[in-house]
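Subject: Structure handover and notes

Dear colleague,

I am passing on the structure we spoke about, and below it you will find my notes on a few places in it. Please read them with the structure open beside you.

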Amino acid sequence: MRILLVEDDKVLADALVRALAQAAYTVDAIDTGELADVALAQHPYDLAILDIGLPGISGLEVLRRLRARKSLVPILLLTAFDTLQDRVKGLDLGADDYLAKPFDLPELEARVRALLRRGAQATPDIEYGDLRFDTVARRLYHRDQPIDLSARELALIELMFLRVGRVVSKEHITNQLYGWGDDVAPNAVEVLVYRVRKKLESFGCEIKTIRGMGYLIERPNEPGAD
Ligand code: CA
């Protein structure tokens, strides 16, 4: 899951990036409305957290332009003051949720999870054989035993589990798992897939390499699969 954070308060932005990265999200952080406008037009984000009070064009204007382009990216608005006027305007412009500063990180994280869930699917768990990915807790379980995984490994598994039966390209994985600030080695995705494949194979879940295309987890018990 890739999130765009637009916040010009550097201290707050750094804290949010840390918290979201720890929760296994990929985060791109920028600090102006102009950059937000460009980023949202160019990248398929799963969610944007948008401060209203930005230098240059405001968060509300970014939101207006986004919805004018018919983009459905979920938007969580942030503002320094909980003024009824801003809130109503934001919701009218198509924001999905609203958080007034100051807020607690767990509340922000809960709202992020709720918005991503709304976008992704109706049920919070994805099952694959005896494996279960809990999208709320962001953990993977095997017969209710949690499996020890890094944030990046969890992000890859979530991405693949949401696309079981479909080939996921290396480019898509790179886009979803690595932000602009990340120093991505050319073989980073291969190394990550190799690690996750090793961890999943003992649980009856195989990540196949489809040469020249990407990676695939077959539907379980699909006729003709192995
Ligand atoms: Ca601000």
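Thr26 is found in strand β2, where helices (H or I, at least four residues) and strands (E, at least two) are DSSP runs numbered from the N terminus. Please bear in mind that this is a predicted model, in which local features need pLDDT of at least 70 and side-chain atom pairs count only at pLDDT 80 or more, while totals for chains, interfaces and linings use all residues. Residues are numbered from 1 along each chain as its sequence is written, and side-chain values use heavy atoms, with hydrogens and water left out.

At 5% relative accessibility, Thr26 counts as buried (buried means under 20% relative accessible area, exposed over 50%, and partly exposed in between, with a 1.4 Å probe and protein chains only). The C-alpha atoms of Thr26 and Arg2 are separated by 4.7 Å, although the two residues are 24 apart along the chain. Leaving aside neighbours within four places in sequence, the contacts of Thr26 (heavy atoms within 4.5 Å) include Met1, Arg2, Ile3 and Tyr178.

Arg2 leads on to strand β1 (residues 2-6), which is largely enclosed by the rest of the structure, because five of its five residues are buried. Arg2, Leu4 and Val6 cover one side of β1, and Ile3 and Leu5 the other. β1 pairs with β2 in the parallel sense over five bridges, and with strand β3 (residues 47-51), also parallel, over four; two strands pair if DSSP finds at least two bridges between them. Leu4 stands opposite Asp28 in β2 and opposite Ala48 in β3.

Between β1 and β2 the chain passes through α1, and this β-α-β crossover is right-handed, meaning that, with the strands pointing away from the viewer, the path from the first strand over the helix to the second runs clockwise.

Which residues of α1 are buried? They are Leu12, Ala13, Leu16, Ala19 and Leu20. Seen down the axis of α1, the buried residues fall within an arc of 135° (taken from the directions from the helix axis to the C-beta atoms), so they line one face of the helix. On the other side of α1, Lys10, Val11, Arg18 and Gln22 are exposed.

Asp9 caps the N-terminal end of α1, with a side-chain oxygen 3.1 Å from the backbone nitrogen of Val11, and α1 is followed by Ala24, whose phi is positive, near 75°.

Best wishes

Conventions: Polar contact = N/O pair within 3.5 Å; in protein donor to acceptor, adjacent residues only side chain to side chain.
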